[in-house]
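Me: I have a structure open and would like to learn how to read it. Could we go through it feature by feature?

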Amino acid sequence: MTSRPLPATGAWREGHPPGRRRWLGLDPLDLESGSRLTGARLAYETWGTLAPDGGNAVLVLHALTGDAHLRGPAEPGHPSAGWWEGVVGPGLALDTDRWFVVAPNALGGCQGSTGPATTAADGRAWGSRFPALTVRDLVRAEVALADALGVDGWAAVIGGSLGGMRALEWAVDQSDRVRSALLLCCSAVATAEQIAWSSAQLHAIRADPDWLGGDYHELPAGRGPHAGLGLARRIAHITYRSPQELQARFGSAAQDGEDPAAGGRYAVESYLDHHAEKLVRRFDAASYVRLTEAMSAHDVGRDRGGVGAALRRVGARTLVAGVDSDRLFPPADQHALARGLGTSARIIGSSYGHDGFLIETEQVSELVRELLKGT
Ligand SMILES: CC(=O)SCCNC(=O)CCNC(=O)[C@H](O)C(C)(C)COP(=O)(O)OP(=O)(O)OC[C@H]1O[C@@H](n2cnc3c(N)ncnc32)[C@H](O)[C@@H]1OP(=O)(O)O
Ligand SMILES: N[C@@H](CCO)C(=O)O
């Protein structure tokens with residue numbers, strides 16, 4: 001897959017220079033499963049200043065492979081620029097001159113928060129010992145962060161995909177602490193289609209001989225389930241984009257200088273290879289597994305009398321939005337969620353599919369402005 005040596009597994013561990021990240025100790029954290037996570041911490045970044053009355057706090061929650069770095073340049077410990085540069089910042093839709101913006105790295109992730117690649121108390125990586133997590137557990141960790149920051153209530157909670165699931169969970173479980181919520185490209189409960197795509201990805205990772213049941217973190221530098229994670233990302237990335245975009249960009253063209261009839265690649269294959277390699281370089285396979293499992297288990301109605309009853313708990317003003325070409329979380333999901341919340345969904349026109357919430361800066365900014373205008 002790559003001609004360059006891959007990083008040592010676990011290169012994303014806390015040993016990195018922290019840049020602007022900060023951490024909150026979560027010790028202990030009781031999980032939905034009944035087990036208790038000890039010694040964990042949550043990484044986060046903030047922008048702006050919390051108002052004396054605490055009324056200007058906004059929580060932004062990232063998607064599966066995102067992180068706390070919403071904006072700002074690449075820096076030590078974070079090799080790429082922020083993932084919502086065009087939406088969050090001075091004078092932008094989420095104006096950091098006005099709002100106190102908080103972005104945590106999801107618990108179980110690998111960009112500063114404790115996850116399977118983190119070194120546990122015994123000096124070894126958590127690996128397979130890291131517990132299964134649910135979206136509710138991720139939110140419990142974020143509730144602890146709000147408490148620690150002195151945020152009694154969020155003016156808005158905003159998120160897409162896995163971040164949207166967490167934003168919804170916040171609105172359901174912490175209804176008195178969420179004044180408004182923007183729920184992007186997500187659903188109230190995982191669908192069979194979403195679980196199926198995720199299942200294929202999990203199989204790809206676990207079938208890698210270097211997966212070692214999730215205990216590969218002590219392998220020598222450059223070893224790990226890279227092929228499995230790369231295959232998972234290829235599968236996922238197809239679902240993140242639309243057939244029309246892929247067709248318009250690549251069609252059946254060969255990759256420059258390559259001949260598919262002679263063992264070379266099509267351009268679209270090369271594109272997927274590129275995204276696979278990029279993810280393998282920046283993400284831990286076991287974090288990918290734990291967070292993907294959490295997405296598959298997402299159901300706001302579990303133990304709450306069903307989805308309808310759970311959604312009726314929400315007191316926040318909600319804006320539910322999707323992307324018309326999203327084949328992973330199609331507009332039907334957002335219409336169903338919006339109906340349950342007593343509102344109607346907004347559907348962005350875009351050929352970028354599920355990734356539209358990361359790419360369609362102008363349209364997303366409009367939604368953010370609308371949300372915050374009434375807050
Ligand atoms: C900015 C960050 O990633 S911060 C980390 C947090 N990230 C996230 O939360 C989201 C993760 N990222 C993503 O989901 C995606 O990368 C997105 C949505 C941001 C990318 O969206 P787009 O801007 O549309 O990028 P696109 O899918 O067109 O990919 C562009 C890349 O493909 C490469 N590419 C395009 N065609 C080909 C091809 N035929 N062969 C090989 N590579 C190709 C480009 O060179 C470019 O490479 P680069 O990203 O290394 O510069
Ligand atoms: N491309 C995004 C979308 C996942 O929902 C990510 O990797 O986080």
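Me: Which residues of α3 are buried?

Reply: Buried means that 20 or more other C-beta atoms lie within 10 Å of the residue's own; exposed means 12 or fewer, partly exposed is in between, and C-beta atoms are placed from the backbone. In α3 the buried residues are Trp197, Ser198, Gln201, Ala204 and Ile205. Before going on: this is a predicted model, in which local features need pLDDT of at least 70, side-chain atom pairs count only at pLDDT 80 or more, and totals for chains, interfaces and linings use all residues. Residues are numbered from 1 along each chain as its sequence is written, while chains are lettered from A and ligands numbered from 1 in the order in which they are written.

Me: Why do the buried residues of α3 line one face of the helix?

Reply: An α-helix has 3.6 residues a turn, so residues three or four places apart point the same way. Seen down the axis of α3, the buried residues fall within an arc of 110 degrees, so they line one face. The arc is that of the directions from the helix axis to the C-beta atoms. Ala192 and Ala196 are exposed on the face turned away from the buried side.

Me: What do the buried residues of α3 pack against?

Reply: They pack against α4 (226–240) and α7 (285–296). Two residues are in contact if their C-beta atoms, placed from the backbone, lie within 7 Å.

Me: How is the protein divided into domains?

Reply: Domain bounds come from an automatic or database domain assignment. Domain 1 is 22–191 + 299–373, and domain 2 is 195–293. Their C-alpha centres lie 25 Å apart. In the contact between them, 27 residues of domain 1 meet 23 residues of domain 2.

Me: Which residues come nearest to ligand 1?

Reply: A residue is near a molecule or strand if its C-beta atom, placed from the backbone, lies within 6 Å of it. Around ligand 1 there are 17 residues, of which Gly66, Trp83, Ser270, Tyr271 and His274 come nearest. Two or more residues each are given by α6 (267–282) and α10 (356–359), and α6 gives the most, with five.

Me: What surrounds ligand 2?

Reply: The surrounding residues are Ala63, Leu64, Thr65, Gly66, Ser161, Tyr240, His354 and Asp355.

Me: Where is Pro28 found?

Reply: Pro28 is in the loop between β1 (22–25) and β2 (29–30). A cis peptide bond joins Asp27 to Pro28, with omega about -10 degrees.

Definitions and conventions: Helices (H or I, at least four residues) and strands (E, at least two) are DSSP runs, numbered from the N terminus.
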